[in-house]
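Me: I'm new to this one. Can you walk me through the terms as we look?

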Amino acid sequence: MLAYEITRDMPMQSIEIETPLEAMQSKVIDGKKVVLASILRAGNGFLDGMLNVIPGARVGHIGLYRDPDTLQAVEYSY
């Protein structure tokens, strides 16, 4: 449900799809310029659902964890 609210005002494009009855025009989200950036690890649960709604989106990952002493966000080191 969250994916539909987020994408409500996104630009759309028309494509032709083949249904079991006939070909038709349908609106889809223009996902060529959309990037979904998941904050590891908790954000990965949302990522699969968002990709079902915007399959053409690019995917990125942000690696952060919370320092238990200071409670500040820290980047994963490589």
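This is a predicted model: local features need pLDDT of at least 70, side-chain atom pairs count only at pLDDT 80 or more; totals for chains, interfaces and linings use all residues.

Me: What radius of gyration would a compact globule of 78 residues have, and what does the chain have?

Reply: The radius is taken over C-alpha atoms, and the globule rule is 2.2 Å times the number of residues to the power 0.38. That rule puts a compact globule of 78 residues near 12 Å, but the chain has 17 Å. The C-alpha trace spans about 60 × 25 × 20 Å along its principal axes.

Me: Why is Ser38 called buried?

Reply: Buried means under 20% relative accessible area, exposed over 50%, and partly exposed in between (1.4 Å probe, protein chains only). Ser38 has 4% relative accessibility, so it counts as buried. You'll find Ser38 in strand S3. Leaving aside residues up to four places away in sequence, Ser38 touches Gly43, Asn44, Leu47, Gly60, His61 and Ile62, where contact means heavy atoms within 4.5 Å.

Me: And what makes Asn52 count as exposed?

Reply: Asn52 comes in at 66% relative accessibility, so it passes as exposed. Asn52 belongs to helix H2. Asn52 and Thr70 are 18 residues apart in sequence, yet 37 Å apart in space, C-alpha to C-alpha.

Me: Which residues of helix H2 are buried?

Reply: In H2 (residues 44-53), they are Leu47, Met50 and Val53.

Me: How do you know that the buried residues of H2 line one face?

Reply: Look down the axis of H2: its buried residues fall within an arc of 120°, so they line one face of the helix. The arc is that of the directions from the helix axis to the C-beta atoms. On the face turned away from that buried side sit the exposed residues Gly45, Asp48 and Asn52.

Me: What do the buried residues of H2 pack against?

Reply: They pack against helix H1 (2-6) and strands S2 (23-29), S3 (35-40) and S4 (58-66).

Me: How much of the whole chain counts as buried?

Reply: Of its 78 residues, 19%.

Note on methods: Residues are numbered from 1 along each chain as its sequence is written. Side-chain values use heavy atoms; hydrogens and water are left out. Helices (H or I, at least four residues) and strands (E, at least two) are DSSP runs, numbered from the N terminus.
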